[in-house]
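The sequence and structure come next.

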Amino acid sequence: MADVLQDIASSLYKGENVAVAELVQKALDQGLAPQDVLSGGLIAGMDEVGKDFKAGVLYVPEVLIAARAMHAGMGVLRPLLAAGDVPTAGKCIIGTVEGDLHDIGKNLVRMMMEGAGFEMVDLGTDVKPAAFVAAVREHKPTIVGMSALLTTTMVRMKTIVEALE
């Protein structure tokens, strides 16, 4: 059974999203618990992606392709994780700050955090401070994540923190 987890991790690393989804289903069919498939297959694969990205072996496009493959695997696992007694790592609200429409980094972080067991609430792009505040009041998250690519919009993060305080 450990072989199928290694196959999941390897396919994820290569960005083979169809293979990852099929292998996740195969692992479940073999009787592996969803949490074990998540940690031993999907997270293990993304850990390798992260290490190689940090080392300069992989670049952003490869990381995004691997994240897409992880998302495919999570599509199979998510209903089982939600229905089971698997505890979440916490709840996270994430969004791209007002004035910024870039979401590649935000989406990558969201997928990786989902894979790590977080319940994610994605507010999208161009999110006003009031929307962050309303989401925090409604969802009571463990973490609030803000994304900005542009230097002109990064300063909006401070405005959001002040609104949250």
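## A44 in helix α3

A44 sits in helix α3, which spans residues 34-54. The model is predicted. Is A44 buried, partly exposed or exposed? Its relative accessible area is 26%. Buried would require under 20% and exposed over 50%, so A44 counts as partly exposed.

Which residues does A44 contact, once neighbours within four places in sequence are set aside? The contacts are A9 and S39.

## Helix α1

Helix α1 covers residues 2-14 and has 13 residues. From first C-alpha to last, α1 reaches 19 Å. That is close to the 18 Å expected at 1.5 Å a residue.

The buried residues of α1 are V4, L5, I8, A9, S11 and L12. Why do they share a side of α1? They cover an arc of only 165° around the axis, and this puts them on the same side. An α-helix has 3.6 residues a turn, so residues three or four places apart point the same way. The face turned away from the buried side of α1 carries D3, Q6 and K14, which are exposed. G15 follows α1 and has a positive phi, near 80°.

## Helix α2

Helix α2 also gets a length check. Its 13 residues should span 18 Å at 1.5 Å a residue. The end C-alpha atoms of α2 are 18 Å apart, which agrees.

In α2, the buried residues are V20, A21, L23, V24, A27 and L28. Seen down the axis, they fall within an arc of 165°, so they line one face of the helix. V18, E22 and D29 are exposed on the other side of α2. Just after α2 comes G31, with a positive phi of about 100°.

## Nonpolar cores

The largest nonpolar core has 26 residues. Which of its residues touch the most other members? They are I8, L12, V24, V37, L42 and L77. At least two residues of this core come from each of α1, α2 (17-29), α3, α4 (60-83) and α5 (104-115). Helix α4 supplies the largest share, eight residues.

Leaving out residues up to four places away in sequence, L12 touches V20, L42, G45, M46, V49, A66, A69 and M70. A second core is separate and has eight residues, among them V97, V127, F132 and I160.

Strand β1 runs over residues 90-96. How many of its seven residues are buried? Seven of the seven are. In a regular strand the side chains alternate between the two faces of the sheet. In β1, G90, C92, I94 and T96 point one way, while K91, I93 and G95 point the other way. Both sets are buried.

β1 pairs with strand β2 (residues 118-122) in the parallel sense, over five bridges. Here the bridge partner of I94 is D122 in β2. Five bridges also join β1 to strand β3 (residues 143-147), and these two strands run parallel. The bridge partner of T96 in β3 is S147.

## K91 and V121

K91 lies in strand β1. A polar atom of its side chain is 3.4 Å from the backbone oxygen of H139. Not counting residues up to four places away in sequence, K91 touches F118, E119, V121, H139, P141, T142 and I143.

V121 belongs to strand β2. Is V121 buried or exposed? Its relative accessible area is 15%. The cut-off for buried is under 20%, so V121 is buried. With residues up to four places away in sequence left out, V121 touches K91, C92, I93, I94 and H139. P141 is 20 residues from V121 along the chain, and their C-alpha atoms are separated by 8.9 Å.

Definitions and conventions. Residues are numbered from 1 along each chain as its sequence is written. This is a predicted model: local features need pLDDT of at least 70, side-chain atom pairs count only at pLDDT 80 or more; totals for chains, interfaces and linings use all residues. Side-chain values use heavy atoms; hydrogens and water are left out. Helices (H or I, at least four residues) and strands (E, at least two) are DSSP runs, numbered from the N terminus. The expected span of a helix is 1.5 Å times one less than its number of residues. Buried means under 20% relative accessible area, exposed over 50%, partly exposed in between (1.4 Å probe, protein chains only). The arc is that of the directions from the helix axis to the C-beta atoms. Two strands pair if DSSP finds at least two bridges between them. Contact means heavy atoms within 4.5 Å. A nonpolar core is a set of buried Ala, Val, Leu, Ile, Met, Phe, Trp, Tyr and Cys residues joined through side-chain atoms within 4.5 Å. A polar contact is a pair of N or O atoms within 3.5 Å; within protein, one must be able to donate a hydrogen and the other to accept it, and residues adjacent in sequence count only if both atoms are side-chain atoms.
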